[in-house]
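Please read the numbered points with the structure in view.

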Amino acid sequence: MIRLIIRTDDASMAANVGGSVLTQYRTFDVELPEVESLLRAGGSDGSGFSHRQLVGCEILDEPS
């Protein structure tokens, strides 16, 4: 199981009245066995000098 953490920054108040940027986090636990396996494997050479991380995601259109 992988936990996705989604961060939302809302700058509406900052843009309109000089308020703060509102930051909120939501988490989702999802089953992605292929991704989990790749991330758990760590560095490909086993030396501990490399690591893997998820750096982004993309929402794909549903096939029609």
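1. Basis of the note. The model under discussion is predicted, and the points below should be read accordingly.

2. Salt bridges in general. Side chains that carry opposite charges can pair when their charged atoms come close. In this structure there are 3 salt bridges. They are taken in turn below.

3. Arg-3 and Asp-29. A salt bridge joins Arg-3 to Asp-29, with 2.7 Å between the closest N and O atoms. Arg-3 belongs to strand β1 (residues 2-10) and Asp-29 to strand β2 (residues 22-30), so the pair ties together parts that are 26 residues apart in sequence. How accessible are the two partners? Arg-3 has a relative accessible area of 54% and is exposed, because exposed means over 50%. Asp-29, at 41% relative accessibility, is partly exposed.

4. Arg-7 and Asp-9. The side chains of Arg-7 and Asp-9 also meet in a salt bridge, with an N to O distance of 3.1 Å. With a relative accessibility of 51%, Arg-7 counts as exposed. Asp-9 has a relative accessibility of 42% and counts as partly exposed.

5. Arg-40 and Glu-36. Here the salt bridge has its closest N and O atoms 2.9 Å apart. Both Arg-40 and Glu-36 lie in helix α2 (residues 33-40), where they are 4 residues apart, about one turn of the helix. Is Glu-36 buried or exposed? Glu-36 has a relative accessible area of 16%, and is therefore buried, since the cut-off for buried is under 20%. Arg-40, by contrast, is exposed, at 64% relative accessibility.

6. The largest pocket. Rolling a probe the size of a water molecule over the atoms shows where empty space is left. The largest pocket holds about 320 Å³ of space. Its lining consists of 13 residues, and those closest to the centre of the pocket are Leu-4, Ile-5, Ile-6, Leu-54 and Cys-57.

7. Make-up of the lining. Which element gives the most to the lining of the largest pocket? Strand β1 does, with 5 residues. Both β1 and α2 supply at least two residues each. By type, the lining of this pocket divides into 11 nonpolar residues, 1 polar residue and 1 charged residue.

8. Points to locate. The student may wish to find strand β1 in the display, as this strand holds Arg-3 of the bridge to Asp-29 and also contributes 5 residues to the lining of the largest pocket.

Conventions:
Residues are numbered from 1 along each chain as its sequence is written. This is a predicted model: local features need pLDDT of at least 70, side-chain atom pairs count only at pLDDT 80 or more; totals for chains, interfaces and linings use all residues. Side-chain values use heavy atoms; hydrogens and water are left out. A salt bridge is a side-chain nitrogen of Lys or Arg within 4 Å of a carboxyl oxygen of Asp or Glu. Buried means under 20% relative accessible area, exposed over 50%, partly exposed in between (1.4 Å probe, protein chains only). On a 1 Å grid over the protein atoms alone, a cavity is a set of points where a 1.4 Å probe fits but cannot get out, and a pocket is an open set with protein on both sides within 12 Å along at least five of seven lines; lining residues have an atom within 4 Å of a point. Grid points are joined across faces, edges and corners, and a volume is the space filled by probe spheres set on the points. Ala, Val, Leu, Ile, Met, Phe, Trp, Tyr, Cys and Pro count as nonpolar, Asp, Glu, Lys and Arg as charged, and the others, Gly among them, as polar.
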